[in-house]
Amino acid sequence: MIGRLRGTLLDKQPPWLVVDVAGVGYELEASMTTLVALPGVGESVSLFTHLTVREDAHLLFGFAREQERALFRALIRVNGIGPKLALAILSGMDETAFIRCVMEDDIKSLTRLPGVGKKTAERLIIEMRDRFPHWEHPGATGQADVATVPSAGKERQDPLADAEAALVSLGYKPTEAAKMLSGLDEGLSTEAMIKAALTKRMAG
């Protein structure tokens with residue numbers, strides 16, 4: 001099991017990133033919450049990880065905080081919630097917001113997430129309420145060593161197109177993604193656009 005990686009961020013193309021560890025490039029998929037927290041390409045980074053082994057692939061997921069990874073692991077144990085949907089949930093809201101939705105039976109907020117219908121939201125509320133004690137550690141931040149220094153490295157050519165592609169990869173329809181990104185400052189980075197679009201979506 002690979003539980004944590006520390007190395008140099010080689011590439012960041014949401015929702016994917018590549019981390020070089022002693023000459024080996026590890027490709028990871030991450031939530032938009034984690035991607036926004038990452039430093040620029042060429043900077044050092046440390047991430048908590050989760051490895052999923054399938055017959056056709058080994059998939060590695062990266063998280064800025066240990067608590068985010070814990071919630072991811074709890075989510076994928078819920079019937080009908082796979083890694084992709086779990087990342088979509090974590091991209092749309094952080095751990096605190098998710099706990100609030102579950103404890104307050106906030107189905108409306110949960111159904112704003114891609115792939116989460118009313119029945120899935122109800123199942124999340126029922127099953128996750130009993131699982132919080134098994135992964136939550138009050139008082140522990142679990143923060144990975146993620147810098148916030150902007151990178152002077154090469155930026156991608158079309159942040160808006162990249163942001164739209166990333167939102168589609170999370171499960172939003174192309175028309176939804178375009179609507180979520182409309183009106184945003186085109187000078188923002190891809191990650192900032194995605195985060196702003198997700199915030200806009202959750203605000204209704």
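Trainee: How many helices and strands does the protein have?
Mentor: The protein has ten helices and five strands. Helices (H or I, at least four residues) and strands (E, at least two) are DSSP runs, numbered from the N terminus. This is a predicted model, where local features need pLDDT of at least 70, side-chain atom pairs count only at pLDDT 80 or more, and totals for chains, interfaces and linings use all residues. Residues are numbered from 1 along each chain as its sequence is written, and side-chain values use heavy atoms, with hydrogens and water left out.

Trainee: What's the mean pLDDT?
Mentor: The mean is 83, and 87% of the residues reach 70 or more. pLDDT is the predictor's confidence in each residue, from 0 to 100.

Trainee: Where does pLDDT stay under 50?
Mentor: Over residues 135-156. The model has 48 contacts beyond four places in sequence for residues 135-156. Contact means heavy atoms within 4.5 Å. Where pLDDT is low, the predicted coordinates should not be read in detail.

Trainee: OK, helices. How do helix 8 and helix 9 cross?
Mentor: Helix 8 covers residues 159-170 and helix 9 covers residues 174-181. Their axes come within 9 Å and cross at roughly 130 degrees. Axes are lines fitted to C-alpha atoms, for helices over the stretch in contact, and angles run from 0 to 180 degrees between N-to-C directions. Helix 8 and helix 9 are therefore oblique to each other. Angles under 35 degrees count as roughly parallel, over 145 as roughly antiparallel, 65 to 115 as roughly perpendicular and the rest as oblique.

Trainee: Which residues meet there?
Mentor: From helix 8, Leu160, Ala163, Glu164, Leu167 and Val168. They meet Pro174, Ala177, Ala178, Met180 and Leu181 in helix 9.

Trainee: And helix 10, at what angle does helix 8 cross that?
Mentor: Roughly 50 degrees, with the axes coming within 8 Å. Helix 10 spans residues 190-202. On the helix 8 side, the contact includes Pro159, Asp162 and Ala166. Among its partners in helix 10 are Thr190, Met193 and Ile194.

Trainee: New topic. Is leucine 47 buried or exposed?
Mentor: Buried, because its relative accessibility is 1%. Buried means under 20% relative accessible area, exposed over 50%, partly exposed in between (1.4 Å probe, protein chains only). Leucine 47 is found in strand 4, residues 44-53. Its C-alpha atom is 9.9 Å from that of arginine 69, 22 residues apart along the chain.

Trainee: What share of the protein is buried?
Mentor: Buried residues make up 45% of the 204 residues.
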